[in-house]
Amino acid sequence: MELQTRQDFAALLRRMLDPLKPLYSPQKALLQLGDTGVSYPPRTIGMEGFSRPLWGLAPYWMGGGVDEDFAAIYRKGLAAGSDPQNPEYWGDPGDYDQLFVEMAAIGCALLEVPQIVWDPLTGEQKKNLARWLDTINHHELPHCNWLFFRVLVNLGLDAVGMPCDLERMYHDLDEVDSWYVGSGWYTDGTPDVKPQRDYYIPWAIQYYGVLYSVFAAGRDPARAEKFRKRALEFGKEFAFWFDENGAALPYGRSLGYRFGQCAFYSACVFAGLEPLPLDVMKGIIVRNLQWWCQRPIFDRDGVLTIGYCYPQLYMSEKYNSPGSPYWGMKTFLVLALPEGHPFWSVPAAPLPPLPALYAMKSADLLFQRLPDGQVNAYAPAEVECSEHGQFSEKYGKFVYNTRFGFSASRSNVQLEQAAPDSMLAFVIDGYVFIRRHSESFQLWGDRLISKWSPFAGITVVTELIPQGKGHIRRHTVQSSIACTAYDCGFAVPKFCAGFAAAADGETARAQNAALSCTVTGQGGTGCIVDAWPNTSLYTPNTVIPAVRYAIPAGTVTLTTCVESECR
């Protein structure tokens, strides 16, 4: 798929959004794309489906794109959804309401294309929409990236001359600033409570901060400049999260937003920021979109599915509705650029030279780039305690890899269902226990050390040492009980060309025509874990090479070598 010109990007946007046109409700305020459940009511699900395509459509219109069908849909839908007398009224939001999330796209559309989504409305329709949006100023929000939704809504309301609350907006921005931890990085809330760094920083906090630096440059120049400087600093490190083949690191929650992974660089291009040269940022965006378009992420009608590299509910969040994946439309912010912008003419350049090993202190990750292009990120399992679900899988693996992905457990009652790739899994009375949180960790320049407990009476200190084609794991296990542990490698796709898997002595190996993973343990026994279907984020069927160790009561040291290759 060619992605060079504005026409190429616009064609891809239309390919993704045109299948939605016949699916809007009669009054166009709701878009129901599926029947799976989520943690908010059906009316809100429909409103989310309606709102999220605006992240791509508004920039498309802003840059000169024309689609009268969508323009008519959104004018009618905005009027109907905000009218309390209309049967498709979105409802009166309450505290912590998902509707506040979806208001942000409307706020941005008011800033970007008022001539399409605002000016044609009648006076009464404008009053209804402004009143409904203003409810965000009268309710509590979670103290995380949600605060930026209120910022964007107030900017949008102010831009069209409607009542807003700029004082509260500035208060929210001050709180966001308190989460800054250095090198361009924030946490998604109070650092002591929510310490993990994941994609909510680039595709949320940094993204919105860059937008603010554009839309509020005149009213708040000092803060706008701060956001811009931090984006420049952040963008240099964020390049480490991308593979030369276009894949971004699968790590953390909300991965169902897929190609939203590169949206930060789209925001930088839109704002005229160059943390990396323009052609390098274009290369990251182009290759990431191309990588995703090679995966079966659409259903037979062309609608995005819930999942990662294929439809898969096991890895989804409780807040992922059928319309949620369209949050990835934020990457199409580049379409706001005019036809003559140099972004459309420069070639997509490769990644700059990056060191083979890099300790990203502000993100608590140790990055390793292997000669064959793989990216490994060694993680400390430092996460908030009130987790959203499956944090063990999304943050607690020893290493995350751009070519193998990772697996999300179906249950902990059987090793095959747990699919504990890239983990040391303890089996006790038939149940599987893994690292959930680290009690402490140390990130050095060449290794990562963490202390953790999978089960009462068991403490593990794990040292991860990158080297050669992979890494060494050294676990010091203190256990009050005798049990069994499996030190697992990456999940390798099966049912494909060249697949083979075998264990011999202390070694287990799985391979296919594209990938291989070999695990060798001193004093252990190699084995192959036949993971249950649909546990891997990358492919429906996998096996996991592993080494089985007998854990005695007392103290024992386990040493395992994990190597992987790509062809």
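Over the ring of which residue does the charged end of K330 sit? The charged end of K330 sits over the ring of W55, 5.3 Å from its centre; such a charge is NZ of Lys or CZ of Arg within 6 Å of the ring centre and within 35 degrees of the ring normal. This is a predicted model, where local features need pLDDT of at least 70 and side-chain atom pairs count only at pLDDT 80 or more, while totals for chains, interfaces and linings use all residues. Residues are numbered from 1 along each chain as its sequence is written, and side-chain values use heavy atoms, with hydrogens and water left out.

Let's stay with the rings. The structure holds 54 aromatic pairs, meaning rings of Phe, Tyr and Trp (its six-membered ring) with centres within 6.5 Å; planes under 30 degrees apart are stacked, over 60 edge-to-face and the rest tilted. One of them joins W203 and W327: the centres lie 5.8 Å apart and the planes at 85°, so this pair is edge-to-face. W203 is buried at 1% relative accessible area, since buried means under 20%, exposed over 50% and partly exposed in between (1.4 Å probe, protein chains only). W327 is buried too, at 4%.

W291 and W292 also form an edge-to-face pair, with centres 4.9 Å apart and planes at 90°. W292 is buried at 0%, and the charged end of R295 sits over the ring of W291, 3.9 Å from its centre.

Now look at R230, which counts as buried at 12% relative accessibility. Leaving aside neighbours within four places in sequence, R230 is in contact (heavy atoms within 4.5 Å) with D177, Y180, G184, Y186 and Q206.
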